[in-house]
Amino acid sequence: MPSNSIDSLLHESRRFAPSEAFSAASEASADLYTSAKEDRVEFWADKAREYVHWHKPFTETLDWSTPPFAKWFADGELNVAYNCLDRHVLAGNGDRVAIHWEGEPGDSRSITYAELTAEVKRAANAMAALGVGQGDVVAIYMPLVPEAVIAMLATVRLGAAHSVVFGGFSAESLRSRIDDASAKLVVTADGGWRKGKVFPLKAAVDAALANGESSVTNVLVVKRGDNEVEWTEGRDLWWHDQIEAAEPEHEAQGFPAENPLFVLYTSGTTGKPKGILHTSGGYLTQAAFTHKNVFDLKPETDVYWCTADVGWITGHTYVTYGPLANGATQVLYEGTPDSPNPGRWWEIIQKFGVSIFYTAPTAIRSFMKAGRQIPEQFDLSSIRVLGSVGEPINPEAWIWYRDVIGAGTAPIVDTWWQTETGAIMIAALPGLTTLKPGSAQVPIPGIKIDILGEDGTRVDPPNGGLLVVSEPWPAMLRGIWGDPERFKETYWSKFAQLEGEQYFAGDGAHVDEDGDIWLLGRVDDVMNVSGHRLSTTEIESALVSNPIVAEAAVVGAADEATGQAVVAFVILKSNQEHAQTAAEASALLRQHVAKEIGAIARPREIFIVAELPKTRSGKIMRRLLQDVAEGREIGDTTTLADTTVMQIISDKLN
Ligand code: WT7
């Protein structure tokens, strides 16, 4: 099983201290921890001054007078796009490459900071001409092309907020996100490359906007796929036409530090995705600070590559905002790791001389399975720091990553954080920390984490508990879009009996004798499939929305490659039972989920069953279904209303 169990972790005894050379040249020094400990709030004020250019300096650091609603640097003003662009050009670094972009079919384009700044200025003017300004929301539904980053920066340059919707999500998912945030403009493309084919994004936008009233007045379409698209006159506009027609100059204005920067939807315990709201000054501070120190970034010489799509939080913080605020040179790759050949990622590392590489354990495990002979064909000697994110990295994958990709010497930083935390919260600092495979290790300077038992008492090693963040942090979410009650309820009510606010992350964790933190996976109905968050309830709702389904239960089952996989148990309506075979019904429903939510949610398996295990009060016992899905002996069934149900289910499946 790829996720960590306390037992196997306690036996992990390998330790990797930083080399002397690495430590000597380290960006981060130990006094970060001491100064943060002395005065946490003042520490962040210092970082905000060091990492961010303020149009108007702030005088207040943290306002926590109405928890859980925090304000950081509230009377300060900044322009986030200016921080990522203009200031580097003004500092004489306009000729530095900001983005080495590589398209899946092999086309590529390198864009300097001066060029990126010029493009964003034009795009901002083009969007302003369409009426976008402070208070508006722009939905971005794009392949991983430079225009995705340009659209994000142009939006925030105007003081508007973006809502990036991952290009793999369905028209239905896009529609609900557009509606929830009342987006005014959609930026999309005529298609993007994935696994050797062009996938049609514009068609999904058309479908999302097809029925009924919409807040959207225009759709800007980037030409990428070169395929036929339907056109709605008056609403649809080509990106390149608008950019060409736009004025080249655009002066960045300062906006308040708490101006909304973006909303990003993520899965929660209940069916409806939550729009996580992030604001400007605090977010940018922690994004830039962590990007510099956790990855030991040297902007003049490093080539950084984070493989995330901008549709996820990792792509927001560690593709767009962190690296560009720090003036880094980075790689952006449109396609999949194995297209058109299984060595594609390593070929890209070799081509651009990538020195800092940040990816997810699921990718590492799949390369591990394909064998080291593939990466060994490439020159990866430029690599000096490796990062991991999204789920616990099992020690075997950690060691393989270090040995095969990092030449046995590169430090690995395992970074724990969430869409909600906005930026990295727990990670080693590679020049300072002695690494332990499998542990995310220590809170970064200025972050306070605790592990609590259900009753709110702090648990002592080696026991496990629930992970909480016990002090506000600059990049923290400011709320759930349009739903302050859900925000309080979801994150801040679990330990309401304690003095002081505790942010409940939804993760189980364990702290060892050295104070290092080991993540143990989600404790709620959220699954983690390939480092992506999915809600069991959301997939169940998608299943029962199909007319052949009477009832459905979804569990996350351990999976060697993806960490967890979606497994569904479905009862068909009685008139359907003989209409099709179980195999046909299950194929049809897998496709149905992909259409409703997106391909990432498509169940690995669907079992058609006659009954579901329920307690006397009618609650589905997912724990027992998980036993079946993972091929384990079925656990305690004594609380079931009908104790024979599990026998019937497992008999039928065997
Ligand atoms: C959930 C957040 C943060 C960007 C990617 C996912 C899990 C994330 C780690 C890690 C163990 C991790 C947690 C967390 N997670 N990073 N290094 N070790 N677990 O963001 O979609 O908001 O998911 O991912 O369970 O709660 P997200």
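1. In strand S8, Leu185, Val187 and Ala189 point one way while Val186 and Thr188 point the other way, and all are buried, buried meaning under 20% relative accessible area with a 1.4 Å probe and protein chains only. Strand S8 covers residues 185–189, and five of its five residues are buried. In a regular strand the side chains alternate between the two faces of the sheet. Helices (H or I, at least four residues) and strands (E, at least two) are DSSP runs, numbered from the N terminus.

2. The model is a predicted one, in which local features need pLDDT of at least 70 and side-chain atom pairs count only at pLDDT 80 or more, whereas totals for chains, interfaces and linings use all residues. Residues are numbered from 1 along each chain as its sequence is written, and side-chain values use heavy atoms, with hydrogens and water left out.

3. Which strands pair with S8 in the parallel sense? Strand S6 (residues 137–140) is joined to S8 by three bridges and runs parallel to it, with Ala139 opposite Val186; strand S11 (residues 218–222) also pairs in the parallel sense, over five bridges, and there Val187 stands opposite Leu220. Pairing requires that DSSP find at least two bridges between two strands.

4. A separate point concerns the open sheet of four strands with the order S21-S22-S24-S25 and antiparallel pairing. Its edge strands, S21 (449–452) and S25 (517–522), each pair on one side only. Within this sheet, S22 (residues 464–469) and S24 (residues 503–511) run antiparallel and are joined by five bridges, and Gly464 in this pairing stands opposite His510.

5. For helix H15 (residues 361–370), the buried residues are Pro361, Thr362, Ala363, Ile364, Arg365 and Phe367. These buried residues pack against helices H14 (344–352) and H16 (395–405) and against strands S18 (356–359), S19 (385–389) and S29 (563–572), contact meaning heavy atoms within 4.5 Å. Just after H15, Gly371 takes a positive phi of about 105 degrees.

6. The lining of the second largest pocket draws its largest share, four residues, from helix H3, which spans 31–38 and, like S21, supplies at least two residues. On a 1 Å grid over the protein atoms alone, a pocket is an open set of points where a 1.4 Å probe fits, with protein on both sides within 12 Å along at least five of seven lines, and lining residues have an atom within 4 Å of a point. Among the 13 lining residues, Tyr33, Lys37, Gly446, Ile447 and Lys448 lie nearest the centre of this pocket.

Note on methods:
Buried means under 20% relative accessible area, exposed over 50%, partly exposed in between (1.4 Å probe, protein chains only).
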